[in-house]
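This briefing was prepared for a reader who has the sequence and the structure at hand. Please consult both while reading the points below.

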Amino acid sequence: MAQNADSTTTATPALTYGSYLALDELLNAQHPRSDEHDELLFIVIHQVYELWFKQLLHELGLLQQKLAAGDTPHALHTLKRILTILKVVVAQIDVLETMTPRQFAGFRARLAASSGFQSAQFRELEAVLGRRDTAAFAHYPADSTGRARIEAAMARPSLYDSFLHYLAKQGYPVPAGWLERDVRESATPAPELQEILLRVYADDGGPAQVAERLVDVDEGLQEWRYRHVMMVRRTIGDKPGTGGSSGADYLRGTLFRPVFADLWAVRSRL
C-alpha cells in the first residue's frame, strides 16, 4: 500500500519576512563593547555603510556590463540608482553627527585597532572606480578574502575603461591603445581622450548623458569624502584615528582627487 505523501516528506518551514531577511542573524550582529548608549548607533551606522558598499559594488558590476553592451538606457537607469544610493550614504553622516565628541570618547578606546580605514569593500569600490595602488591592500593578510577581492578588482577593467569601450561602441574613435591598455595601471589624463569627449558633448546625445552621470558619481564620492572629513574633525579634532590612521589628516589628503580626470578637464572647454 502506498504511504501517504505527508508522512514521508519533511515539511519545509514557510518563508516569512524574518527568515527571508535573516533578521535573527542581522539583529544579533551588533556587539557593543561598552555600556555607552551611543555605541550601538556607531555600530549600526557602519554596518549599514557596509551593506550600501555591497550594493554599490553590485550596481557598478551591472553598469559595466551595460556599458560594454552599448546599452545607454539601462546604463543611465543603473547610474541613477548608484547616485541615489550615494545620496543616502552621505545623508547617514547627519545621523552620526548627532553623537557628540564626549559621547564618542565614552567608548572610543574599546575600538582598539579597528578603523573604517580597514573597510575592504570600500577599497574594492575605489579599485572598481579606477584606483591602482598596492597600498590599498598591503595591510590585509595575503590569504584574506578582502585582499583577494581588492587585487581582483585592480586586475579588471575599471569603470572608466568600460566607459571608453562604450564610447567606441557608440562610434567614437577611441584609440586602440586605450581600449587595449594594461588595466592594472592607473589611467592618466589624456588630451586625445579629451578631444573625443568634446565631440561627445557636442553631439549632446545619450553618451553625453552617460558622461554627465559619471561626473555626478565622481562628485557624489567627493561629497562623501568631504562630509566624512568634517564629521571626523568635529568628533575627534586632530587626534590620530583608530587603527593607526592619522585621522582627519589622512582623510583630507583624499579630497579633490577626481576619479574621472578627463571628464573634469574638458569642463573649461565646453
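The model is predicted. Its protein chain contains 14 helices and 0 strands, so that, read along the sequence, the pattern is α-α-α-α-α-α-α-α-α-α-α-α-α-α.

**Burial, contacts and surface**

- The protein chain has 270 residues, of which 42% count as buried.
- Among contacts in the protein chain with a separation of 6 or more, 71% are between residues 24 or more positions apart.

**The annotated residue**

- In an unreviewed entry, UniProt lists His228 under "binding site".
- His228 lies in helix H12, which spans residues 206–236.
- The relative accessible area of His228 is 22%; because buried means under 20%, His228 counts as partly exposed.

**The H9 and H11 pair**

- Two packed helices are described by the angle between their axes and the distance between the axes.
- Helix H9 (residues 159–169) and helix H11 (residues 191–203) have axes that come within 12 Å and cross at roughly 60°.
- H9 and H11 are therefore oblique to each other, and their crossing is left-handed.
- On the H9 side, the residues that meet H11 are Tyr160, Phe163, Leu164 and Leu167.
- On the H11 side, Leu193, Leu197 and Val200 meet those residues of H9.

Methods. Residues numbered from 1 in each chain as written. Predicted model: local features only at pLDDT ≥ 70, side-chain atom pairs only at ≥ 80, totals over all residues. Heavy atoms only, no water. Helix = DSSP H or I, 4+ residues; strand = E, 2+ residues; numbered from the N terminus. Buried < 20%, exposed > 50% of the residue type's maximum accessible area, 1.4 Å probe, protein only. Contact = heavy atoms within 4.5 Å. UniProt positions renumbered as here; feature names shortened; annotations may be inferred. Axes fitted to C-alpha atoms, helices over the stretch in contact; angles between N-to-C directions. Parallel < 35°, antiparallel > 145°, perpendicular 65-115°, else oblique. Left-handed = near helix turned anticlockwise from the far one by under 90°.
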